[in-house]
Amino acid sequence: DINYVSVGYLSRKFKKDTGLNVSDYIRKVRINKAKKLLSETNDSISEISVKCGYNDSNYFSYVFKKEEKISPSKFRKQYS
C-alpha cells in the first residue's frame, strides 16, 4: 500500500528540514558545482553552464553573479 503525499507537503517539509525551498537548494547545488568547475578546469563558461544545468550561458552568468556577487570569469581569475 502506497501512501501519497502532496507536492505542497513535500515542499514544506523540505524547507523545514533544509531551510531552503527546493528551487533555492537546486540553484545552490548548481552554483557550487560551477565554482568547482571554474576553479579546477579550463572548460569554457558555456560548457560549465550546460554541465550545471543551464542551457543559456548568459542566464547562468546572471544567476552566478547574483548569487556570488562576482561574474564567473572574474571568479575563475580570482580562484584558479
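I began with aspartate 43: leaving aside its neighbours within four places in sequence, I found it in contact with Ile48, Lys51 and Arg76. I kept in mind that this is a predicted model.

Where does aspartate 43 sit? I found it in the loop between H2 and H3. Is aspartate 43 buried or exposed? Its relative accessibility is 17%, and buried means under 20%, so aspartate 43 counts as buried.

Next I turned to helix H4, residues 57-68. I checked its length: at 1.5 Å a residue, its 12 residues should span 16 Å, and the end C-alpha atoms are 16 Å apart, which agrees.

Then I asked which residues of H4 are buried. They are Phe60, Val63 and Phe64. Seen down the axis of H4, these buried residues fall within an arc of 100 degrees, so they line one face of the helix. A handy reminder for me: an α-helix has 3.6 residues a turn, so residues three or four places apart point the same way.

What do the buried residues of H4 pack against? I noted three partners: helix H2 (22-40), helix H3 (45-51) and helix H5 (72-79). On the other side of H4, I saw that Asn58, Tyr62 and Lys66 are exposed.

Last, I looked at the two ends of H4. At the start, a side-chain oxygen of aspartate 56 comes to within 2.8 Å of the backbone nitrogen of asparagine 58. After H4 comes lysine 69, and its phi is positive, near 65 degrees.

Key. Residues are numbered from 1 along each chain as its sequence is written. This is a predicted model: local features need pLDDT of at least 70, side-chain atom pairs count only at pLDDT 80 or more; totals for chains, interfaces and linings use all residues. Side-chain values use heavy atoms; hydrogens and water are left out. Helices (H or I, at least four residues) and strands (E, at least two) are DSSP runs, numbered from the N terminus. The expected span of a helix is 1.5 Å times one less than its number of residues. Buried means under 20% relative accessible area, exposed over 50%, partly exposed in between (1.4 Å probe, protein chains only). The arc is that of the directions from the helix axis to the C-beta atoms. Contact means heavy atoms within 4.5 Å. A polar contact is a pair of N or O atoms within 3.5 Å; within protein, one must be able to donate a hydrogen and the other to accept it, and residues adjacent in sequence count only if both atoms are side-chain atoms.
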